Amino acid sequence: MIYGVDYYPEHWDSSEWRSHSKLMREGNFNTVRIAEFAWGRLEPREGEFDFSWLDEAISVLAEEGIKVILGTPTASPPRWLVNKYDIYMRDKYGRPRGYGSRRECCSNNPYYIERSKEIVTAMAQYYGKNPNVIGWQIDNEFGCHDTTHCYCEHCKKAFGSWLERKYGDIKTFNKTYGTVFWSHEYESFDDVILPAYNSCEPTHGDIRTHNPSLDMDFMRFSSDSWIAYAKMQTAIIRRFSDRPITHNLMGHFVDIDYYKLGETLDFVSWDNYIEDQWASHTYEEVSMAHEVMRGVKDKNFWIMEEQSGPCGWDVMGGTPRPGQLRLWVYQAMAHGCEGMVYFRFKAAPFGMEQYWYGVLDHDGIPRRRYYELQKTGEEMQKWGHLFQNAQTVTDTLIVKSYETGWSHRIKRHTSGFDYDGIVHSYYRANNHLGTNPAVGSEDMISDKYKVVYMPAYSIVTGTLKEKLENYVRNGGTLVLSYRSGIRDEYNNMTTLTLPGKLRELVGATVEEFDAASVDVKVSGGLGKSTVWRDILSADSAETVAVYDSEFYKGSAAVTVNKFGKGKVWYIGCDLEDDALYKLVKRISDDAGAEYIPHPVGTEAVKRISDGKEYTILLNYTDTPQTVSCGGADVTLVAYGIEIVMKGIL
Ligand code: GLA
Ligand code: ZN
């Protein structure tokens, strides 16, 4: 199994590479990711490449049996490049991003694209068949530091062409967007603006005032632009190398449509920081992020950067507790990871990330974290095969859509509305119940899953409608919620009665809705709603719960409808965690979807590999926990894990 570290030989004197590599091998690491920010050293002057130092580093590592994932360094252009060419992104006020950090370049900038092609071609040609190079990582974290959207002249031009390809003629474009509103009709695609600054914005904070179809297409275009840039790199590499290509994604990040990005990658990898300056992530959020990453290609993935020490840029999060580093590996693998690479081998005393501690501290002396990872590495060499090509065993799918997320971000409905938060709450309820849901795109919907959740699924096309009808007709259970089916794919509101194209499936009508910030109790022990209430009238559906106050007291809040051999649940309001848990349990029981009961703070995840089924039990708390599994009680120590295999326990 791949068990590695991120290593930056260019940060150290070459005389240290040998001792570093030796420590890596002794730590049971067998892989490094390398070179991803080294453009300046690889191409010190335009068109002059120097691979000698990288050759030496790779061969020193190889002597210790360590293989290489080679990064293309395009996320950090060298000084000469920005001095010669204006490749900076522009913010919405037209200001250049400027030098001194990274990711300052625009994906539609012709100079940046050209220079990127040159360095990627040179590297792919030179290293494409190197026996020590086992894979490629293109660039680094597309979109990170809020760099997905650019408002430069190149983007404006590219956006015009993108729109022309999509709409064909300006009349169709105007009609689709409804540009007649506020006299926004355009005469040509060249003239279409980027939705940046306008006269309304300063007084309205983050409220967008552009045409919502324009906002939506700009988000699609920006995501597509980075994907095109990624494809440019993967196509070059594939000409010279047959090694698999990945990019390091960012879990819950939503500015780029990861389903589309995934199409150009051979496998997905991602960067998992559980506790750093920006967040202290709950275990459910981390498990869900793993599932989101697995869902990108509906395939197992790697971690390319896993937290190995305390970290942050200016301030730090907590240091991993004894046992947590080991626990996090098993958590990742339980959810589909099959290669683990730690960020970073040794902390850098200089540069922006001085506080980003690694496996080793600045003094390079192995301590607790190194030894814990060393021991875990030993286990991986013993047990890692159990997780290779393993498959998740689950009856439940949660569908997450980047575009639907954008539509909610563009027009947020009400201040308490948060699409990501809603999807998370459905994941949490399922995780606590133990259905261990997969998370993925609408393409993953199939009769493989007994229950499919599509909370707040705003954009519904004719194709999706048909797909959902087939799924339910054949016996599937579909769970929808408020604000589903309200829009078409152009981000316009549907003129159908809500829930729009889903109405027949739901068998109920949204008569009215209420977003007043009042607490409204929901019957059947479902607690209260505080953000949004669809006031439903059941047509063919059965009423499951009603509202207990306001003028809509007694109106349906939750319904269930029989459709073909299956059922459609409609949850008309936001619910607190306990209530959602109850409802998810009821839905799972009704659909016969399997779950493994376990205490909150633990997980029980079933996988199958080589025909062998096993359950991974994980304890995220700092006290012992008992989980019953396979007819026996298993006690997990604090941060402990156990693997229960049929016939063994
Ligand atoms: C990201 C990047 C790394 C590094 C770490 C720590 O995940 O991919 O290059 O910057 O964050 O900040
Ligand atoms: Zn641009």
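Asp-139 sits in the loop that runs between strand 4 and helix 6. In this predicted model, Asp-139 has a positive phi of about 50° although it is not a glycine. Its relative accessible area is 0%, so Asp-139 is buried, the cut-off being under 20%.

Ala-35 is another residue other than glycine with a positive phi, here near 80°. Its place is the loop between strand 2 and helix 2. Ala-35 has a relative accessible area of 0% and is therefore buried. As background, most residues other than glycine have a negative phi, and most peptide bonds are trans.

## Cis peptide bonds

Phe-343 and Arg-344 are joined by a cis peptide bond, with omega at about -20°. Arg-344 belongs to the loop between strand 9 (337-343) and helix 12.

A cis peptide bond also links Leu-498 to Pro-499, and its omega is about 5°. Pro-499 lies in the loop between strand 14 (477-481) and helix 16 (503-506).

## Helix 6

Helix 6 covers residues 153-167. Its 15 residues should span 21 Å at 1.5 Å a residue, and the C-alpha atoms at its ends are 21 Å apart, so the two values agree. The buried residues of the helix are Cys-155, Phe-159, Gly-160, Trp-162, Leu-163 and Tyr-167. Seen down the axis of helix 6, these buried residues fall within an arc of 165°, and therefore they line one face of the helix.

The cover over the buried residues of helix 6 includes helix 7 (170-177) and helix 8 (212-240). On the face turned away from the buried side, helix 6 carries the exposed residues Glu-153, Lys-157 and Arg-165.

## Helix 3

Helix 3 (residues 52-63) has 12 residues. From its first C-alpha to its last it reaches 17 Å, close to the 16 Å expected at 1.5 Å a residue. Trp-53, Leu-54, Ala-57, Ile-58, Val-60 and Leu-61 are buried in helix 3. Around the axis these residues cover an arc of only 160°, so they are on the same side of helix 3.

Both helices and strands cover the buried residues of helix 3. The helices include helix 1 (17-26), helix 2 (39-42) and helix 5 (110-127). The strands include strand 2 (31-34), strand 3 (67-71) and strand 4 (133-137). Gly-65 follows helix 3 and has a positive phi, near 80°.

## Packing of helix 11 against helix 12

Helix 11 (residues 324-334) packs against helix 12 (residues 368-383) at an angle of about 35°, and their axes are 9 Å apart. The crossing of helix 11 and helix 12 is right-handed.

From helix 11, the contact is made by Gln-324, Leu-325, Arg-326, Val-329, Tyr-330 and Met-333. Helix 12 contributes Arg-369, Glu-372, Leu-373, Thr-376, Glu-379, Met-380 and Trp-383. By class, the residues of the contact of helix 11 with helix 12 are seven nonpolar, two polar and four charged.

Tyr-426 is part of helix 14 (residues 419-433). Its relative accessibility is 4%, so Tyr-426 counts as buried. Leaving aside neighbours within four places in sequence, Tyr-426 is in contact with Ile-398, Tyr-453, Pro-455, Ser-481, Ile-571 and Leu-580. Tyr-426 and Ala-579 are 153 residues apart in sequence, and their C-alpha atoms are 11 Å apart in space.

Leu-468 lies in helix 15 (residues 462-473). With a relative accessible area of 0%, Leu-468 is buried. Leaving aside neighbours within four places in sequence, Leu-468 is in contact with Ile-445, Met-454, Leu-478, Leu-502 and Leu-505. Val-452 is 16 residues from Leu-468 in sequence and 9.6 Å from it in space, C-alpha to C-alpha.

Methods. Residues numbered from 1 in each chain as written. Chains lettered and ligands numbered in written order. Predicted model: local features only at pLDDT ≥ 70, side-chain atom pairs only at ≥ 80, totals over all residues. Heavy atoms only, no water. Axes fitted to C-alpha atoms, helices over the stretch in contact; angles between N-to-C directions. Helix = DSSP H or I, 4+ residues; strand = E, 2+ residues; numbered from the N terminus. Left-handed = near helix turned anticlockwise from the far one by under 90°. Contact = heavy atoms within 4.5 Å. Nonpolar A, V, L, I, M, F, W, Y, C, P; charged D, E, K, R; others polar. Expected span 1.5 Å × (residues − 1). Buried < 20%, exposed > 50% of the residue type's maximum accessible area, 1.4 Å probe, protein only. Arc of directions from axis to C-beta.
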